[in-house]
Amino acid sequence: MQGLNRTTKMLLTLLALMTATLVYIAGCQPSKPASAPSQEPAPTQEATFVGNAACEPCHADIFKLHHGSNHDRTMRTASVKEMGDQFPKAGAIEGYPFVLSATNGALTLAPKADANAAIPMNYVLGAGKNGVTFVTPWEEGKLIEVHMSYLPTEKKWFPTPGQNAPEEATRTGVLWNAQTARRCISCHSIPKGRFSSFPDEKMFGVGCEACHGPSSNHIEAMRRDRKSTRLNSSH
């Protein structure tokens with residue numbers, strides 16, 4: 001019995017030493033640092049419109065197909081450079097009480113009875129496949145829609161739709177408020193902003209972003225992706 005007790009005591013002592021050693025080792029291990037709170041991603045900057053040219057590097061074939069198309073030309077400056085052979089000939093407009101003038105390439109429309117009442121014709125809406133209408137920006141985001149529109153294929157003038165009532169026959173144009181102006185221009189371009197009716201010229205026409213929306217964030221993401229790919233391939 002004494003031999004058995006001695007053996008049992010030795011086993012218990014050994015077990016106690018092993019337990020103490022494990023406890024000591026565990027106590028000496030450096031504590032695991034608390035995980036840092038997860039960082040929320042920075043809020044995405046609101047996307048902005050950038051124009052068709054910014055899409056060309058990645059979509060060259062589509063850009064080439066669109067450039068110069070009727071969609072692309074649905075808003076232009078009323079100039080020889082932009083209108084080409086669609087640019088109307090100056091002079092009295094047959095059958096109507098108006099005279100068209102082109103001074104240094106700038107078009108104006110005036111009543112035959114009063115040349116001083118001329119109004120400018122700064123921009124043209126429409127690609128020229130059918131008729132084109134001339135408009136001019138005015139103060140506080142308003143817009144003048146010129147009374148006479150033009151058929152480039154027939155070289156003929158006609159009253160702008162909506163302005164053919166008898167009492168409007170001698171009026172050179174209609175002044176629309178800013179809200180109506182933005183709604184009108186938005187069908188022919190990408191509007192510049194909430195308080196501006198007329199966009200920058202790079203936004204003229206029904207372009208990529210007319211359907212796809214503002215593309216600045218998409219383009220920046222593609223640039224970062226290409227940069228990351230180049231860096232990874234260099235290692």
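Me: Hi! Four strands form an open sheet here; in what order do they come, and is the pairing parallel or antiparallel?
Reply: Hi! The order is 2-3-4-5, and the pairing is antiparallel. Strands here are DSSP runs of E with at least two residues, helices are H or I runs of at least four, and both are numbered from the N terminus. Two strands count as paired if DSSP finds at least two bridges between them.

Me: What should I know about the model before going on?
Reply: This is a predicted model, where local features need pLDDT of at least 70 and side-chain atom pairs count only at pLDDT 80 or more, while totals for chains, interfaces and linings use all residues. Residues are numbered from 1 along each chain as its sequence is written, and side-chain values use heavy atoms, with hydrogens and water left out.

Me: Thanks. Which are the edge strands of that sheet?
Reply: Strand 2 (91–92) and strand 5 (119–121), each of which pairs on one side only. Strand 2 is joined to strand 3 (residues 98–103) by two bridges, and these strands run antiparallel. G91 stands opposite L100 in strand 3.

Me: And what is the strand order in the five-stranded open sheet?
Reply: That one goes 1-6-7-8-11, again with antiparallel pairing. Its edges are strand 1 (75–77) and strand 11 (173–176), each pairing on one side only. From one strand to the next the twist averages 30°, with axes taken as lines fitted to C-alpha atoms (for helices, over the stretch in contact) and angles running from 0 to 180 degrees between N-to-C directions.

Me: How many bridges join strand 6 to strand 7?
Reply: Three, and the two strands run antiparallel. L125 stands opposite T133 in strand 7.

Me: Switching to packing: which residues have the most contacts inside the largest nonpolar core?
Reply: I93, L107, L109, M121, F134 and W157, in a core of 18 residues. Strand 3, strand 4 (106–111), strand 5, strand 8 and strand 9 each supply at least two of its residues. A nonpolar core means a set of buried Ala, Val, Leu, Ile, Met, Phe, Trp, Tyr and Cys residues joined through side-chain atoms within 4.5 Å. Buried is under 20% relative accessible area, exposed is over 50% and partly exposed lies in between, with a 1.4 Å probe and protein chains only.

Me: What is L107 in contact with, leaving aside its neighbours within four places in sequence?
Reply: Its partners include A78, F87, L100, I119, M121 and F134. Contact here is heavy atoms within 4.5 Å.

Me: What does the second, separate core include?
Reply: It has nine residues, among them L125, A181, F198 and F204.

Me: How many aromatic pairs does the structure hold?
Reply: Three. Rings of Phe, Tyr and Trp (its six-membered ring) pair if their centres lie within 6.5 Å; planes under 30 degrees apart are stacked, over 60 edge-to-face and the rest tilted. The ring centres of Y123 and F204 are 5.4 Å apart with planes at 90°, so that pair is edge-to-face. The two sit 81 residues apart, Y123 in strand 6 (residues 123–125) and F204 in the loop between helix 4 (178–185) and helix 5 (208–212). Both are buried. Ring pairs also link F134, Y150 and W157 into a cluster.

Me: And how many salt bridges?
Reply: Three, counting a side-chain nitrogen of Lys or Arg within 4 Å of a carboxyl oxygen of Asp or Glu. E168 and R171 have their closest N and O atoms 2.5 Å apart; E168 is buried at 13% relative accessibility, and R171 is partly exposed at 36%. R224 and E220 meet at 4.0 Å, N to O. They are four residues apart in helix 6 (residues 216–233), so about one helical turn separates them. The other bridge is K142 with E140, at 3.9 Å.

Me: Is E140 buried or exposed?
Reply: E140 counts as exposed, because its relative accessibility is 68%. E140 lies in the loop between strand 7 (133–137) and strand 8 (143–146), and has a positive phi of about 60° although it is not a glycine. Most residues other than glycine have a negative phi.

Me: What about the phi of K155?
Reply: K155 has a positive phi too, about 55°, and is not a glycine. K155 lies in the loop between strand 9 (148–151) and strand 10 (156–159) and is partly exposed at 49%.
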